[in-house]
Amino acid sequence: MPQQKSKAKYLTKRAWEFVSSLLFPPRCAFCGKIMNPNEKHGICEDCENSLPRPSGRLCMRCSGELRSEFSLPICHTCLSRKYVFKKNFVPLLYKGDVREALIKMKFNNDPSLCTAFAYLIFRNIVEQDALTEMDFVTFVPISSARMREREYNQSELIARILAELLGKECIPTLVRKDDSLRQSELSLAQRYENAKRSFAPISDLKLGGNALLVDDIYTTGATCAACSILLIKMGCESVSIATASIR
């Protein structure tokens, strides 16, 4: 009898999934096109092949595009700021359809888009043969006030989906203070100072191994840099970062 109930429950679930796929067919996170059965992870094949990506010579630290083919293998900002994170795994440039999708995910209450961004980060890590370079995944937190307003942290959702794809554990490690200012409203110099005082470890959490820190957008690196310093102080051997896009 228990086996029959389990089978019936499974068949009911599959039937509902089939009906749902007919009534609400999955659409690409970027172009909105209805996807065919072979297209998964929230992105169609056309967009996966055509979205803007960092190209040419890239900074060995932040993965931003270097301005000159004769420049050092690291950009001026990463060199002057001496960031402690090892590398940024970033699949996309923050423009066009990528920018629109991130704004929709972040401000228009559409967390479903996180699946596509997590998958693209995963692909970027695989392409660089870096699956063994991280032991666990964590994420940049948002304040409790922002969580009440938005009801989700897009970086956390991306991190949890990415962790499943990587076969790693996703661990909350940091909190964001409620009195911290929005980075997007600050000047370059103010961003660094604000980031330094905006985050704190979760209670007395002790860490080890190599962390992969996830955020949605890489702009100046101030947020990821501040969080990386804390993770190292908490015991991590190294910190790499993964961001959905870079400006």
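**Entry 1. Terms and model**

I take buried to mean under 20% relative accessible area, exposed to mean over 50%, and partly exposed to mean in between, with a 1.4 Å probe and protein chains only. The model is predicted, and I number residues from 1 along each chain as its sequence is written, with local features needing pLDDT of at least 70 and side-chain atom pairs counting only at pLDDT 80 or more. Totals for chains, interfaces and linings use all residues, and side-chain values use heavy atoms, with hydrogens and water left out. For helices (H or I, at least four residues) and strands (E, at least two), I follow DSSP runs numbered from the N terminus.

**Entry 2. Val84 and a nonpolar patch**

I looked up Val84 and found this residue in the loop between H3 and strand S1 (88–89). Val84 counts as partly exposed because its relative accessibility is 40%. Together with Ile229 and Ile232, Val84 makes a nonpolar surface patch of about 210 Å². Patches are made of residues with over 30% relative accessible area and no salt bridge; nonpolar side chains (Val, Leu, Ile, Met, Phe, Trp, Tyr) are joined within 5 Å, and like charges within 9 Å. The areas come from the Shrake-Rupley method with a 1.4 Å probe, and for residues only the protein chains shown count as cover.

**Entry 3. Second largest pocket**

I then turned to the second largest pocket, which has a volume of about 510 Å³. A pocket here is an open set of points on a 1 Å grid over the protein atoms alone, where a 1.4 Å probe fits, with protein on both sides within 12 Å along at least five of seven lines; lining residues have an atom within 4 Å of a point. The volume is the space filled by probe spheres set on the points, which are joined across faces, edges and corners.

Which residues lie nearest the centre of this pocket? I noted Glu65, Arg67, Cys75, His76 and Thr77, out of a lining of 21 residues. By class, the lining has 12 nonpolar, six polar and three charged residues. In this scheme Ala, Val, Leu, Ile, Met, Phe, Trp, Tyr, Cys and Pro are nonpolar, Asp, Glu, Lys and Arg are charged, and the others, Gly among them, are polar. Helix H3 (76–81) and helix H8 (188–198) each supply at least two lining residues, and H3 gives the largest share, four residues.

**Entry 4. Salt bridges**

I recorded eight salt bridges in the structure, each being a side-chain nitrogen of Lys or Arg within 4 Å of a carboxyl oxygen of Asp or Glu.

Lys33 pairs with Asp46, with 3.5 Å between the closest N and O atoms. Lys33 lies in the loop between helix H1 (2–23) and helix H2 (45–50) and Asp46 lies in helix H2, so this pair ties together parts that are 13 residues apart in sequence. Lys33 counts as partly exposed, at 33% relative accessibility.

Arg123 and Glu48 meet in a salt bridge of 2.3 Å, N to O. This pair links distant parts of the chain, 75 residues apart, with Arg123 in helix H5 (residues 114–127) and Glu48 in helix H2. Is Glu48 buried or exposed? Glu48 counts as buried because its relative accessibility is 15%, whereas Arg123 is partly exposed at 31%.

Glu100 and Arg99 form another salt bridge, their closest N and O atoms being 3.1 Å apart. Glu100 is partly exposed at 46%, and Arg99 is likewise partly exposed at 36%.

**Entry 5. Buried residues and C-alpha separations**

Tyr218, in strand S7 (residues 210–218), is buried with a relative accessible area of 3%. The C-alpha atoms of Tyr218 and Leu93 are 9.5 Å apart, although 125 residues separate them along the chain.

Asn210 is also found in strand S7 and is buried at 18%. Its C-alpha atom is separated by 4.9 Å from that of Met134, 76 residues apart along the chain.

Arg150, in helix H6 (residues 144–150), is buried at 10%. For Arg150 and Lys106, 44 residues apart along the chain, I noted a C-alpha separation of 8.3 Å.

**Entry 6. Positive phi**

Most residues other than glycine have a negative phi. I therefore looked up Lys82, which counts as exposed at 68% relative accessibility and has a positive phi near 50°. Lys82 lies in the loop between H3 and S1. Asn109 has a positive phi of about 55° although it is not a glycine. Asn109 is found in the loop between helix H4 (96–107) and H5, and is exposed at 55%.
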